[in-house]
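Hi,

Here is the structure I promised to pass on.

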Amino acid sequence: MGYATTPTTVLVQSAVGWQMRGAATASNTFTRSIGQTVGVAVFGTIFNNSLITFGREHAAGGWSGGGNISDVLSSETINKLPASVLTMIHEGLAHGMHLVFILVFFIGVANLIATFFLPSHKKVMEHQKQVQH
């Protein structure tokens with residue numbers, strides 16, 4: 001997303017007149033920050049829940065859903081695990097990431113559809129001229 005930051009900022013600034021550029025830039029930055037905060041929480045919840053569900057379904061009763069996945073993934077612990085358990089962990093992590101990417105895909109499609117309903121630049125500039133006078 002870092003590659004999109006500068007073009008998005010310039011796009012927002014060019015969509016408004018000089019008097020509104022500060023407010024537009026601040027709104028863009030605020031919206032991006034809120035989106036990142038909520039996104040991390042939502043995607044993290046989906047990922048963690050999928051790990052717990054995958055572990056319960058594939059661990060043959062050996063998984064209670066407790067503990068910290070970071071403890072299992074530490075280098076000293078993971079080197080001691082059997083290959084079958086290591087494969088199950090890899091599959092669980094891949095499954096969780098797959099669900100997150102599916103959600104991001106649908107959010108991207110929804111954003112693309114929403115852009116078709118935005119007013120044209122010409123209409124926005126005409127509206128700003130009317131407001132100024």
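Of the 133 residues in the protein chain, 13% count as buried, where buried means under 20% relative accessible area, exposed over 50% and partly exposed in between, with a 1.4 Å probe and protein chains only. Keep in mind that this is a predicted model: local features need pLDDT of at least 70, side-chain atom pairs count only at pLDDT 80 or more, and totals for chains, interfaces and linings use all residues. Numbering starts from 1 along each chain as its sequence is written, and side-chain values use heavy atoms, with hydrogens and water left out.

On the overall build: the protein chain has six helices and zero strands, so the order from the N terminus is simply α-α-α-α-α-α, with helices (H or I, at least four residues) and strands (E, at least two) taken as DSSP runs and numbered from the N terminus. Along the principal axes, the C-alpha atoms fill a box of roughly 75 × 25 × 20 Å.

The accessible surface comes to about 10000 Å², and 68% of that belongs to carbon and sulfur atoms (Shrake-Rupley method, 1.4 Å probe; for residues, only the protein chains shown count as cover).

Now for helix α5, residues 83-115. Its 33 residues reach 48 Å from first C-alpha to last, close to the 48 Å expected at 1.5 Å a residue; the expected span is 1.5 Å times one less than the number of residues. The buried residues of α5 are I89, G92, G96 and V100, and they pack against α2 and α3 (69-72), a contact being heavy atoms within 4.5 Å.

Why does S50 count as buried? Because its relative accessible area is 5%. Leaving aside residues up to four places away in sequence, S50 touches H95, G96 and L99.

A114, also placed in α5, counts as partly exposed because its relative accessibility is 39%. Try the distance from A114 to K80 as well: they are 34 residues apart in sequence and 50 Å apart in space, C-alpha to C-alpha.

Cheers
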